[in-house]
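Subject: Structure for you to look at

Hello,

Here is the structure I said I would pass on. Please open it beside this message and follow along; my notes come after it.

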Amino acid sequence: MQEMRNMIDMRFGHGTWKSIVDERARRIQEAKEAAKKARLEKIKAQKEQMEAIKQAAIIFLVAG
């Protein structure tokens with residue numbers, strides 16, 4: 001790994017390897033945050049759906 005880092009830095013300039021590693025870490029973090037946000041939105045949608053079902057059941061029972 002050290003050899004690859006040195007080869008990349010020599011070919012593309014000092015600090016290239018570090019910028020690649022930093023960019024990878026940033027993208028991984030963004031993906032984790034996006035997954036968390038999607039999970040929370042799914043939970044919220046499920047709660048809203050359950051509330052709608054409860055309201056419909058109440059209306060049906062009152063009407064019956």
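A helix here is a DSSP run of type H or I with at least four residues, and helices are numbered from the N terminus. Asp 9 belongs to such a run, helix α1, which covers residues 2-12. Please keep in mind that this is a predicted model.

First, the chain as a whole. It has two helices and zero strands. Its radius of gyration is 25 Å, well over the 11 Å that the globule rule gives for 64 residues, so the chain is more spread out than a compact globule. The C-alpha trace spans about 80 × 15 × 10 Å along its principal axes. Of the 64 residues, 6% count as buried. The accessible surface comes to about 6,200 Å², and carbon and sulfur atoms account for 62% of that.

Next, Asp 9. Which side chain of opposite charge is nearest to Asp 9, and how far away is it? It is Arg 5, at 4.5 Å. Setting aside neighbours within four places in sequence, Asp 9 is in contact with His 14, Gly 15, Thr 16 and Trp 17.

Thr 16 is in helix α2, which runs over residues 16-63. Is Thr 16 buried or exposed? Its relative accessible area is 18%, and buried means under 20%, so Thr 16 is buried. A polar atom of the Thr 16 side chain lies 2.7 Å from the backbone oxygen of Gly 13. With neighbours within four places in sequence left out, Thr 16 is in contact with Ile 8 and Asp 9.

Two other residues can be set beside these. Asn 6 is found in helix α1. Its relative accessibility is 32%, so Asn 6 counts as partly exposed. Asn 6 and Val 21 are 15 residues apart along the chain, and their C-alpha atoms are separated by 14 Å.

Ile 59 lies in helix α2. Ile 59 has a relative accessible area of 59%, and the cut-off for exposed is over 50%, so this residue is exposed. Between Ile 59 and Glu 23 there are 54 Å from C-alpha to C-alpha, with the two residues 36 apart along the chain.

Regards

Terms used:
Residues numbered from 1 in each chain as written. Predicted model: local features only at pLDDT ≥ 70, side-chain atom pairs only at ≥ 80, totals over all residues. Heavy atoms only, no water. Buried < 20%, exposed > 50% of the residue type's maximum accessible area, 1.4 Å probe, protein only. Lys, Arg positive; Asp, Glu negative; His and termini not counted. Salt bridge = Lys/Arg side-chain N within 4 Å of Asp/Glu carboxyl O. Contact = heavy atoms within 4.5 Å. Polar contact = N/O pair within 3.5 Å; in protein donor to acceptor, adjacent residues only side chain to side chain. Rg over C-alpha atoms; globule rule 2.2 N^0.38 Å. Areas by Shrake-Rupley, 256 points an atom, 1.4 Å probe, with all protein chains shown as cover.
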